[in-house]
Amino acid sequence: MDNKSRNLEEEFQARIDAGENIEAKDWMPEKYRKTHIRQISQHAHSEVVGMLPEGNWITRAPSLRRKVALLAKVQDEAGHGLYLYSAAETLGISRDELMEQLNSGKAKYSSIFNYPSLTWADMGAIGWLVDGAAIINQVMLTKTSYGPYARAMVRICKEESFHQRQGYEIMLTLCNGTEAQKAMAQDALNRWWWPSLMMFGPRDEESPHTEQSMKWKIKRKTNDELRQQFIDQTVPQADLLGLTIPDKDLKWNDERGSYDFGPIDWEEFWNVVKGNGLCNRKRLKARNEAWDNGKWVRDAAVAYAEKQAERKVSKAG
Ligand code: 3HC
C-alpha cells in the first residue's frame with residue numbers, strides 16, 4: 001500500500017475511532033463500502049422476504065382488528081426494505097442489481113424467513129421473537145458508523161417496537177385462552193425459538209466479518225453478545241406467558257448475570273443459509289413471481305417519468 005493510501009486509511013480509522021459518521025460522499029476503504037453493500041442489501045432482502053410468511057395469514061386473521069394490525073406490519077416491512085435499498089444505493093449499487101441478486105438466489109437474506117408459518121400463533125411468535133431479535137440488532141445499528149444506515153435504523157426501530165408488541169399481545173391472548181390456544185402458542189414457541197437465536201449469525205469465533213466490523217464500528221456488539229441480550233430479555237417474557245422455552249439447558253447463571261443455554265444446531269443453520277431450508281425455494285419463487293407480476297407497474301412509472309421529463313424540456317424550450 002503506498003503512503004497516500006496508508007494516510008487515507010489512517011485518517012479514516014481516526015474518524016471512526018472518534019465516533020464520527022461516515023457519509024456517502026466521504027472517502028472510505030473499498031472493503032468498508034463493499035461490506036456495507038453486502039450487509040445493507042441482505043438486510044433489505046430480509047425485510048422484503050420477511051413479508052411472505054406473515055402475508056400468508058392476512059386473509060386468515062381471526063378478526064378484523066388482527067387483520068388490520070398484521071396488514072400494517074407487513075406494509076411496514078416493505079417500507080423498511082425500500083429504506084434499506086435506498087441506503088445501499090448511496091454506495092453505488094443500483095436497485096436493479098440488488099433485485100437481480102435477490103431474485104437469482106445469489107444474495108442472502110435472514111435464515112429465519114425460510115421457516116413455514118403454520119398456525120395463527122406463528123404470527124404472535126414471529127412478532128414477539130423475530131421482531132424482538134431484529135430490534136436488539138437494529139437498536140445497535142442505530143449507532144453504526146455509516147450515516148445513511150444508522151439514520152434508516154432510527155425510523156425502522158420505532159416501527160419494529162409496534163411489531164414486537166402486537167406479536168406478544170397475540171401470544172398473551174392465546175395463553176389466556178383455551179387449553180388448545182395455549183398449546184398452539186407453545187407449539188409456535190417450540191418451532192421459532194432456536195431459529196430466532198440463529199438470526200444473530202454464527203458464533204463470534206466462526207464469524208469471518210465480526211472482527212473488522214467491530215473495528216469499523218459497523219457492529220457495536222458481537223453476534224454472541226446480541227444473542228445473549230435477546231435470551232436474557234426474552235426468557236422472563238416467556239415466563240409471564242406461562243410458556244416453556246424449548247431448551248432443557250436454559251438456566252440462570254448468577255455469576256454471569258445471564259442465562260446459560262443449550263447448544264445451537266449450527267448444521268441446521270448453515271444448511272438453511274445454503275438454501276436447503278423448508279421454504280427457501282418457495283420464498284424465492286414467490287419473490288420472482290412478484291417481480292414478474294410487478295413489471296407493468298415499473299414500466300408505467302418509467303413511462304410517466306419520461307413523459308414528465310419531456311414536458312419539462314418542451315416547457316423550457
Ligand atoms: N441468515 C442468513 N445468513 C446469515 C445469517 C442469517 N441469520 N447470519 C449470518 N449470515 C451470513 C452472513 O451474511 C455472512 O455471509 P456473507 O459473507 O456471504 O454475507 C456469513 O453468514 C457470516 O456471518 P457473519 O456473522 O460473519 O456476518 P455479518 O458480520 O454480516 O453478521 C448479521 C451477520 C448479524 C446478520 C449482520 O449482517 C447484520 O447485523 N445484518 C443487519 C441486520 C439483519 O440483516 N437482520 C436480518 C433480519 S431483518 C428482520 O428480521 C426484519 C424484521 O422486520 C422482521
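Reader: At roughly what angle do the axes of helix 6 (residues 121–141) and helix 7 cross?

Author: This is a predicted model. In it, the axes of helix 6 and helix 7 come within 7 Å. The angle at which they cross is roughly 150 degrees.

Reader: Are helix 6 and helix 7 roughly parallel or roughly antiparallel to each other?

Author: An angle over 145 degrees counts as roughly antiparallel. The axes of helix 6 and helix 7 cross at roughly 150 degrees. The two helices are therefore roughly antiparallel.

Reader: How many nonpolar, polar and charged residues are in the contact of helix 6 with helix 7?

Author: The crossing of helix 6 and helix 7 is left-handed. The residues of this contact divide into 16 nonpolar, 9 polar and 2 charged.

Reader: How far apart are the axes of helix 2 (residues 30–49) and helix 7 (residues 147–175)?

Author: Two packed helices are described by an angle and a distance between their axes. For helix 2 and helix 7 the angle is about 25 degrees. The distance between their axes is 13 Å.

Reader: Is helix 2 roughly parallel or roughly antiparallel to helix 7?

Author: Helix 2 and helix 7 pack at an angle of about 25 degrees. Angles under 35 degrees count as roughly parallel. Helix 2 is therefore, relative to helix 7, roughly parallel.

Reader: Which residues in helix 7 do H36, Q39, I40, H43 and E47 in helix 2 meet?

Author: Helix 2 passes helix 7 in a left-handed crossing. On the helix 2 side, the contact is made by H36, Q39, I40, H43 and E47. In helix 7 these residues meet Y149, M153, I156 and E160. By type, the residues of the contact divide into 4 nonpolar, 3 polar and 2 charged.

Reader: Which residues is I264 in contact with, leaving aside its neighbours within four places in sequence?

Author: Neighbours within four places in sequence are set aside for this list. The remaining contacts of I264 are W194, L197, M198 and R227.

Reader: Are C157 and C279 buried or exposed?

Author: The relative accessible area of C157 is 10%. For C279 the relative accessibility is 4%. The cut-off for buried is under 20%, so C157 is buried and C279 is also buried.

Reader: How many disulfides does the structure hold?

Author: A disulfide needs two cysteine sulfur atoms within 2.5 Å. The number of disulfides in this structure is 0.

Conventions: Residues numbered from 1 in each chain as written. Predicted model: local features only at pLDDT ≥ 70, side-chain atom pairs only at ≥ 80, totals over all residues. Heavy atoms only, no water. Axes fitted to C-alpha atoms, helices over the stretch in contact; angles between N-to-C directions. Helix = DSSP H or I, 4+ residues; strand = E, 2+ residues; numbered from the N terminus. Parallel < 35°, antiparallel > 145°, perpendicular 65-115°, else oblique. Left-handed = near helix turned anticlockwise from the far one by under 90°. Contact = heavy atoms within 4.5 Å. Nonpolar A, V, L, I, M, F, W, Y, C, P; charged D, E, K, R; others polar. Buried < 20%, exposed > 50% of the residue type's maximum accessible area, 1.4 Å probe, protein only.
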